[in-house]
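Hi,

Here is the model I said I would pass on.

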Number of protein chains: 2
Amino acid sequence: MANPLESPVEPQEDCQSCPVRSAALFGEISPELVERVQSATQPLAHPAGEVLFEAGQRADAAFTLREGTVKLVRSQPGNRSQIVRLLVGGDLLGAEGLFGEPYQHTAIALTPVRLCRLPMALLELLRTEDPRFTDALLGRWRRALSEVETLAVELGTCKAEERLAAFFLHWQRKHDKHGDSVDWLPLPLSRTELGELLGLRVETVSRLMARWKREGLLKEAGGKIQLLDTATLHGTATDEGLCT
Amino acid sequence: MANPLESPVEPQEDCQSCPVRSAALFGEISPELVERVQSATQPLAHPAGEVLFEAGQRADAAFTLREGTVKLVRSQPGNRSQIVRLLVGGDLLGAEGLFGEPYQHTAIALTPVRLCRLPMALLELLRTEDPRFTDALLGRWRRALSEVETLAVELGTCKAEERLAAFFLHWQRKHDKHGDSVDWLPLPLSRTELGELLGLRVETVSRLMARWKREGLLKEAGGKIQLLDTATLHGTATDEGLCT
DNA sequence: CGTGGCCTTGATGTCGGTCAAGCCAAGTGG
DNA sequence: CCACTTGGCTTGACCGACATCAAGGCCACG
């Protein structure tokens with residue numbers, strides 16, 4: 001629906017002071033380059049639910065996610081889709097253009113998001129200019145690979161309970177970067193989406209969560225959840241000695 | 001069992017004429033560097049079934065697979081393991097050491113293999129010396145990511161039949177690089193291993209293959225299979241419009 | 001006030017896991 | 001050479017986890 005031209009463009013912001021800069025791609029590049037980056041990038045904001053780009057489209061820009069959560073989806077003919085990754089602040093998406101390939105996923109905002117658009121030309125420039133930039137890319141790709149692998153392992157070897165419990169624990173760990181665990185963590189995924197991530201149907205997810213709430217393992221309110229008993233959750237995840 | 005010192009070391013070979021060189025990591029580096037590479041690498045051979053390295057070990061070398069097939073496995077406590085990738089000639093394995101991490105998988109030869117051992121020091125050297133080397137690494141990581149993603153999608157959204165059929169088709173496509181499809185393609189995986197790849201148990205794999213043989217969709221003999229009716233196989237893979 | 005999403009809960013079905021048994025080929029040792 | 005093991009494959013009987021189908025509740029929004 002939203003015309004790309006209408007994508008609300010934020011007032012120009014300062015990369016030097018970008019909250020996610022140290023975590024992001026440009027944590028490592030030289031200060032002089034940062035200026036060129038700043039002039040070539042374009043800050044954007046999108047509401048929840050909006051499609052950032054679609055699988056198969058020409059990948060003429062990558063994006064740095066400054067704030068919010070995004071899902072990367074691979075859709076199958078036949079109404080089934082699989083979420084392959086969840087992105088949070090500081091993550092990079094849509095860089096497949098560096099290989100001349102179209103976007104491999106459909107990216108959809110799960111919350112309102114703010115991001116920086118990085119035109120391919122800029123990335124190419126950085127790649128030739130600063131070897132550490134390529135290194136940073138390499139690190140990101142490696143991390144992504146590792147995440148998808150653990151997803152595959154869980155999909156292949158774990159049962160429903162275990163997968164869901166493992167997800168909650170992963171998700172929690174992803175959200176206390178500061179070491180101090182926040183107990184109310186945002187859960188911007190619908191039951192259906194949890195299912196699409198974990199290879200389950202809505203009803204299964206719903207039942208499991210209902211049961212866990214009944215048993216006092218977790219609470220939920222207003223799009224946030226609180227893990228009350230991570231110990232037994234972890235136990236469920238590794239039931240029979242399986243999974244993370 | 002095999003003492004690493006006993007790993008049969010082949011007579012020194014010539015990288016310049018390496019059959020997989022163009023496909024491999026060093027297709028792109030300068031001829032002068034190739035010499036230094038040659039002096040620092042170490043050709044190895046292992047019989048089928050041998051463990052090349054184990055998850056968690058210090059990753060002090062990567063390997064280029066010159067010939068044969070290798071499985072990368074992530075094992076779970078509780079007797080379950082998941083094959084996350086199958087490697088064939090020209091593939092690179094064990095490069096996670098570049099990030100100071102231990103090996104992320106256990107690598108096991110499915111056939112007799114020949115490979116080149118690349119000490120981490122050499123990789124570090126190449127990384128600083130030749131930017132195109134890092135680019136090559138990037139490409140490999142990206143391809144690996146893409147493969148694991150399709151695995152995850154299949155594990156998450158497809159049923160047994162569909163996954164197995166899809167695997168055979170992928171496997172076939174991987175083996176006719178020359179465009180001309182060889183009809184007898186090697187299948188160095190046991191039923192159990194097929195199960196570990198596709199998230200199924202031996203019995204399920206066995207039953208499906210037995211049925212397909214009965215129905216004349218495929219033949220099997222001496223560790224090789226022949227897909228007789230790729231059309232209906234493809235139909236099975238995408239049953240109800242799903243999967244590749 | 002009605003409509004459409006999302007969630008919940010129950011009833012029923014089925015795919016694939018589990019258990020168990022037997023087959024076959026390749027060792028191994030007497 | 002034969003008895004015995006061992007490991008992979010097959011097949012059948014059974015069962016359970018999860019999907020499917022169906023109905024109803026809750027809430028936001030027009």
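Is E193(A) buried or exposed? Keep in mind that this is a predicted model. E193(A) counts as buried because its relative accessibility is 14%, and the cut-off for buried is under 20%. The residue sits in helix 5 of chain A. Leaving aside residues up to four places away in sequence, E193(A) touches K71(A), I83(A), L110(A) and P188(A). A polar atom of the E193(A) side chain is also 2.8 Å from the backbone nitrogen of S190(A).

DNA strand C has 17 residues around it, and the ones that come nearest are R191(A), S206(A), A160(B), R201(B) and T204(B). Some phosphate contacts to look at:

- R191(A) has a polar side-chain atom 2.7 Å from a phosphate oxygen of DNA strand C.
- T204(B) places a polar side-chain atom 2.5 Å from a phosphate oxygen of DNA strand C.
- R201(B) has a side-chain N or O atom 3.2 Å from a phosphate oxygen of DNA strand C.

Which elements make up that surface? At least two residues each come from helix 5 (191-198) and helix 6 (202-214) of chain A, and from helix 6 (202-214) of chain B. Helix 6 of chain A has the largest share, with five residues. Sorted by class, the surface near DNA strand C holds nine charged, five polar and three nonpolar residues.

On to strand D. DNA strand D is surrounded by 17 residues, the closest being A160(A), R201(A), T204(A), R191(B) and S206(B). One base contact is worth a look: a polar side-chain atom of R207(A) lies 3.1 Å from a base oxygen of DNA strand D. On the phosphate side, a polar backbone atom of A160(A) is 2.6 Å from a phosphate oxygen of DNA strand D. R80(A) brings a side-chain N or O atom to 3.2 Å from a phosphate oxygen of DNA strand D. The elements giving two or more residues to this surface are helix 6 of chain A, along with helix 5 (191-198) and helix 6 of chain B. Helix 6 of chain B gives the most, with five residues. By class, the surface near DNA strand D divides into nine charged, five polar and three nonpolar residues.

Helix 6 of chain B has 13 residues and runs 18 Å from first C-alpha to last, close to the 18 Å expected at 1.5 Å a residue. Which of its residues are buried? They are V205(B), L208(B), M209(B) and W212(B). These cover an arc of only 95° around the axis, so they lie on the same side of helix 6 of chain B. The cover over the buried residues includes helix 4 (160-175), helix 5, strand 10 (218-221) and helix 7 (230-237) of chain B. On the face turned away from the buried side, helix 6 of chain B carries the exposed residues R207(B) and R214(B). After the helix comes G216(B), with a positive phi near 75°.

Cheers

Definitions and conventions. Residues numbered from 1 in each chain as written. Chains lettered and ligands numbered in written order. Predicted model: local features only at pLDDT ≥ 70, side-chain atom pairs only at ≥ 80, totals over all residues. Heavy atoms only, no water. Near = heavy atom within 4 Å. Polar contact = N/O pair within 3.5 Å; in protein donor to acceptor, adjacent residues only side chain to side chain. Helix = DSSP H or I, 4+ residues; strand = E, 2+ residues; numbered from the N terminus. Nonpolar A, V, L, I, M, F, W, Y, C, P; charged D, E, K, R; others polar. Buried < 20%, exposed > 50% of the residue type's maximum accessible area, 1.4 Å probe, protein only. Contact = heavy atoms within 4.5 Å. Expected span 1.5 Å × (residues − 1). Arc of directions from axis to C-beta.
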